[in-house]
Amino acid sequence: MYDIRWIRDAAAAFDAGRASRGLPPLADTLIGLDDRRRAAIAASQASQERRNQAAKAIGQAMGRKDMAEAERLKAEVAALKAEAPALEAAEREGVAALHQALSEIPNTPLADVPAGRDEHDNVELRRVGAPREFGAFAPQEHFTIGEALGLMDFEAASRLSGSRFVVLKGALARLERAIGQFMLDLQTDQHGYLEVNPPLLVRDAAAFGTNQLPKFKDDLFRVGNEFWLIPTAEVPLTNLVREGIVEEAVLPLRFTALTPCFRSEAGSAGRDTRGMIRQHQFSKVEMVSITTPETSAAEHERMTGCAEAVLKALGLPYRVMLLCSGDMGFGAQKTYDLEVWLPGQGRYREISSCSVCGDFQARRMDARYRPTGAKSTRYLHTLNGSGLAVGRTLVAVLENYQNADGSVTVPEPLRPYMGGLDAIRPA
């Protein structure tokens, strides 16, 4: 969310940021909306001030026995009172129009974000781990492996809920649970994140605060007239500081949660229709950091390293991508994607996205902090990242640890969560 005063003062920089995302100039339009808002507020205030002056003058005229002047002033007050609803409506409409326009504008990329249109313009920063050589057999995709094990059932899920759902059974159900718990323990025990068990239903204000609303309404699932199912735990975790002031001494705040997530995948028709890559319901370990403007860049690097630690521990080859301006999320200033190697597909696929948002979300939430020794407050900076997507990690484990006999080796860090099981074999 932008401060219209900043746009007025830095119109060229604002439009340059939009241009880097492939968007047209908008500063002049927004300034025009702000002019309209200011004029409506000024007209309403001027009318109210004149009413107050006239009302006071009525008493003075009557004190002088000047009844004609008193009647004239009464008529003026009546006329001003009659026009007040229209002036107040114009003020509300002006405020709402500007707020709506500002709420639909994506964040401005940082200066070191490469310009580009889409994923083809992203920049690979590094690769970690070498893809496994399978030798005598061709690696299979995860859904072929899971179905051959008799533990991954898409048909049953379709009968229950339709497409983009799965039923996991037995050792695969336990493996997914093990992956999530392993990630959560890693982020809390080794990386200092505070575990949170948040609500899965949030109100409009919370979804607006983390920029799911209004732009991405079609990607969410509505529950009744009051709630939205969370698309990621970023929503409740980040909103823990909404409408509040925290002291600088307690920053950074680092939260993590393992939750189900729900997405309509409205824009994904025909994409990843088989398997578990893109589903309506999935589990994810989310990381959220709340910090100061001076430390948010370093916190972004740290958060990305915390996500990478999961892939390193599980021995999964991956690469780190710096997203270009045209491929970043709506609220992000800068984003690193971690892409894991999937031998069944023969390519890297996103498994984590770590973003710094600056004060973009804090302005939407009215989330502030008080610098040490200061009386005034400043907006917080927020960051979010997957640590990791559990379902996609399960996919990566199945494809990278598959064996010629159809079994899947359980990575060593997960075995304590699997009761010591070292491999999952066909029934």
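Visitor: Which residue of β13 is the bridge partner of W341?
Guide: The bridge partner of W341 in β13 is Y348. The model is predicted: local features need pLDDT of at least 70, side-chain atom pairs count only at pLDDT 80 or more, and totals for chains, interfaces and linings use all residues. Residues are numbered from 1 along each chain as its sequence is written, and side-chain values use heavy atoms, with hydrogens and water left out.

Visitor: What makes β12 and β13 paired strands?
Guide: Strands are DSSP runs of E with at least two residues, numbered from the N terminus, and two of them pair if DSSP finds at least two bridges between them. Another bridge partner in β13 is C354, which stands across from Y336. The two strands form a hairpin with 4 residues between them, and G346 in the turn has a positive phi of about 70°.

Visitor: Which other strand does β13 pair with?
Guide: β13 pairs in the antiparallel sense with strand β16 (residues 381–389), over 3 bridges. There C354 stands opposite G385 of β16.

Visitor: Why is β12 called largely enclosed?
Guide: A residue is buried under 20% relative accessible area, exposed over 50% and partly exposed in between (1.4 Å probe, protein chains only). In β12, 9 of the 9 residues are buried, so the strand is largely enclosed by the rest of the structure. K334, Y336, L338, V340 and L342 point one way, and T335, D337, E339 and W341 the other way. In a regular strand the side chains alternate between the two faces of the sheet. Strand β13 (residues 347–356) is mostly covered, with 8 of its 10 residues buried.

Visitor: Why is R319 called buried?
Guide: Its relative accessible area is 18%, which is under 20%, so R319 counts as buried. R319 lies in strand β11 (residues 318–322). β11 pairs with β12 in the antiparallel sense over 5 bridges, and V320 has L338 as its bridge partner in β12.

Visitor: How do you know that the side chains of R319 and E339 make a polar contact?
Guide: The term requires N or O atoms within 3.5 Å; within protein, one must be able to donate a hydrogen and the other to accept it, and residues adjacent in sequence count only if both atoms are side-chain atoms. The contact between the side chains of R319 and E339 is 2.7 Å, so it lies within 3.5 Å. The side chain of R319 also makes a polar contact with the side chain of E124, at 3.1 Å.

Visitor: Why is α3 called roughly antiparallel to α4?
Guide: Helices are DSSP runs of H or I with at least four residues; angles run from 0 to 180 degrees between N-to-C directions of axes fitted to C-alpha atoms, over the stretch in contact. The axes of α3 (residues 27–63) and α4 (residues 67–103) come within 7 Å and cross at roughly 160°. That makes the two helices roughly antiparallel, because angles over 145 degrees count as such. The residues of their contact divide into 24 nonpolar, 3 polar and 13 charged.

Key:
Parallel < 35°, antiparallel > 145°, perpendicular 65-115°, else oblique. Nonpolar A, V, L, I, M, F, W, Y, C, P; charged D, E, K, R; others polar.
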